[in-house]
Every structure is written in structure tokens, then in C-alpha cells.
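The following exercises concern a single protein model. Please work through each task with the sequence and the structure at hand before reading its solution.

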Amino acid sequence: MVLPGLEQPDGGGSFTLGFRSGLMVDQTGRRYANECLPYDRFGREMAKAAERIPSWYVFDSREDGRLPAIAMPEGDPGEHLAAGTWVRGETLKDLATAAGLPAAALAETVERFNGFAASGVDEDFHRGEDEYDTFFAGGHGPNKALSPLDAAPYYAARFVLSDLGTKGGLVTDACGRVLREDGSPLPGLYAAGNTAASVFGSVYPGPGAPLGSAMVFAALAVDDMGGDSGG
């Protein structure tokens with residue numbers, strides 16, 4: 001499973017969710033999705049086009065230069081700026097230059113987004129129309145998921161495509177027993193968690209799904225080892 005990850009100075013990516021303000025752009029300076037989507041769904045949008053990796057999250061100074069989101073970890077803004085994983089500009093043109101983005105396109109994107117913030121309607125990606133979008137939002141306009149970018153200086157944080165869990169792995173039965181290609185169990189071999197193929201298939205039902213299924217199938221495996229399942 002993929003999701004947007006805040007790039008760290010050491011090259012890693014941090015699990016990030018709950019964007020409160022700001023907007024995500026690709027390397028052409030354009031938005032491509034509702035930034036408040038659940039993180040797995042935003043990751044799928046990010047993975048659809050090469051120009052979206054990396055992406056830049058553009059935000060202003062309304063939170064004193066901190067990322068307006070929950071990043072684990074966020075890291076020190078000064079270290080990010082020194083490493084180039086974040087850039088800063090007194091104007092949007094300066095910011096675009098620092099990030100290597102087309103200045104005219106970025107300016108148009110922000111102007112359009114600010115218009116949506118004023119009207120309360122994201123005509124492009126419907127940000128704020130779903131209850132999930134507003135859970136972390138902190139805006140005070142007609143749509144609290146849409147806050148304008150108008151407080152200089154401006155910042156942009158580089159986002160990469162990160163992973164949170166796997167969908168591959170060993171195929172198991174309802175007792176956690178690893179199966180051969182013909183569907184028969186391998187005696188004494190069990191799998192759970194990210195070593196096993198996901199019980200949810202290609203979808204992600206919600207936070208805790210990988211851990212929850214790991215706990216359940218580990219317990220089922222232990223029961224089977226003890227003979228409680230009758231298998």
C-alpha cells in the first residue's frame with residue numbers, strides 16, 4: 001500500500017496525514033487530487049503519473065513555518081531547509097524558483113485555489129465535501145477544509161511515494177497455515193501480518209487493518225498449533 005511520504009533529509013519518507021491547509025502540486029505546478037483524501041487513496045492518485053513523484057506541498061506561514069499536517073516524524077524545519085527537502089520564498093515566484101516549478105503555473109494554481117477558499121467550493125477536486133476531509137481541518141471560512149495561501153513567506157515540502165504495508169506474501173488459509181500452489185497446507189508453517197497475503201485483497205478498509213489482521217491470524221495460528229481449530 002502506498003501513500004504520500006514527507007521526504008526527510010536522510011532520504012526516508014514520513015507517514016503523513018491530516019492536512020489542515022496548503023495544497024499539493026506535481027512537477028508542472030498543478031494540483032491533481034483532493035489533498036484531504038484518506039492517505040491510501042491519495043497515494044494511489046500520486047502513483048498514477050511520473051510527474052507526481054516527487055510532489056511539492058505548498059503552504060504559507062499561518063502555522064509559523066511548520067507543516068500544516070501530521071507527519072511522523074516531521075523533522076526540524078531548519079534541517080529540512082538546509083537539506084533542500086523544504087524550500088522557502090518571500091513570494092510564490094521565489095518559491096517556484098527554489099522548488100524548480102513553473103512560476104506561472106504555480107501562481108495560477110494558488111490563485112484558483114484561493115478563489116475556492118473564498119467561495120467554499122473546490123470545483124476541481126471537491127475538497128471539504130466529505131466529512132473525512134474536515135476532520136483535521138482548521139480553517140474558518142465557508143469551507144474549513146479550504147484555507148487560502150496568502151500569508152508570506154511561503155514554503156514547499158517535497159513528498160515522495162512511501163509504503164505503509166504490503167499486499168503480497170504467502171497465501172494462507174483461515175487458520176494461518178501457508179498453502180502450496182495446489183491449495184494444500186505446508187505442515188508446521190504459518191504466516192501472519194506482512195509476511196502473508198493480505199486478507200483484504202487490494203483494498204485498505206481503514207487505520208489498523210494490517211495490525212488488526214496480523215493479531216487475528218497470529219491468534220488463529222496459535223489455536224491451530226494447539227489443536228483448537230480441529231484442523
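**Exercise 1. Classify Glu-90 by its accessibility, then identify its salt-bridge partner.**

Step 1. Glu-90 has a relative accessible area of 45% and is therefore partly exposed; buried means under 20% relative accessible area, exposed over 50%, and partly exposed in between, with a 1.4 Å probe and protein chains only.

Step 2. The side chain of Glu-90 meets that of Arg-88 in a salt bridge of 3.1 Å, N to O; the term requires a side-chain nitrogen of Lys or Arg within 4 Å of a carboxyl oxygen of Asp or Glu.

Step 3. Arg-88 has 41% relative accessibility, so this residue is partly exposed as well.

The model is predicted: local features need pLDDT of at least 70, side-chain atom pairs count only at pLDDT 80 or more, and totals for chains, interfaces and linings use all residues. Residues are numbered from 1 along each chain as its sequence is written, and side-chain values use heavy atoms, with hydrogens and water left out.

**Exercise 2. Determine how many salt bridges the structure holds, and examine the pair Glu-63 and Arg-20.**

Step 1. The total is 14 salt bridges.

Step 2. Glu-63 and Arg-20 are joined through their side chains at 2.8 Å, N to O. Glu-63 belongs to the loop between strand 4 and strand 5 (70-72), and Arg-20 to the loop between strand 2 (13-17) and strand 3, so the pair ties together parts 43 residues apart in sequence. Helices (H or I, at least four residues) and strands (E, at least two) are DSSP runs, numbered from the N terminus.

Step 3. Both partners are partly exposed: Glu-63 at 26% relative accessibility and Arg-20 at 23%.

Step 4. Arg-177 forms a salt bridge with Asp-173, with the closest N and O atoms 2.6 Å apart. Here Asp-173 is buried, at 16%, whereas Arg-177 is partly exposed, at 22%. Elsewhere, salt bridges that share partners join Arg-31, Glu-35, Asp-122 and Arg-127 into one network.

**Exercise 3. Describe which face of helix 5 is buried and what it packs against.**

Step 1. Helix 5 (residues 209-225) has 17 residues and reaches 24 Å from its first C-alpha to its last, close to the 24 Å expected at 1.5 Å a residue, where the expected span is 1.5 Å times one less than the number of residues.

Step 2. Its buried residues are Ala-209, Ser-213, Ala-214, Phe-217, Ala-221 and Asp-224. Viewed down the axis of helix 5, these fall within an arc of 120°, so they line one face; the arc is that of the directions from the helix axis to the C-beta atoms.

Step 3. The buried residues of helix 5 pack against strand 8 (177-179) and strand 9 (185-190), contact meaning heavy atoms within 4.5 Å. The face turned away carries the exposed residues Leu-211, Met-215 and Val-222.

Step 4. Gly-227 follows helix 5 and has a positive phi, near 85°.

**Exercise 4. Identify the elements that build the largest nonpolar core.**

Step 1. The largest nonpolar core has 19 residues; such a core is a set of buried Ala, Val, Leu, Ile, Met, Phe, Trp, Tyr and Cys residues joined through side-chain atoms within 4.5 Å.

Step 2. Two or more residues come from each of strand 3 (23-25), strand 4 (55-59), helix 3 (92-99), helix 4 (103-119) and strand 7 (154-163). Helix 4 gives the most, with 5 residues.

Step 3. A second, separate core of 17 residues includes Ala-33, Leu-37, Met-46 and Trp-86.
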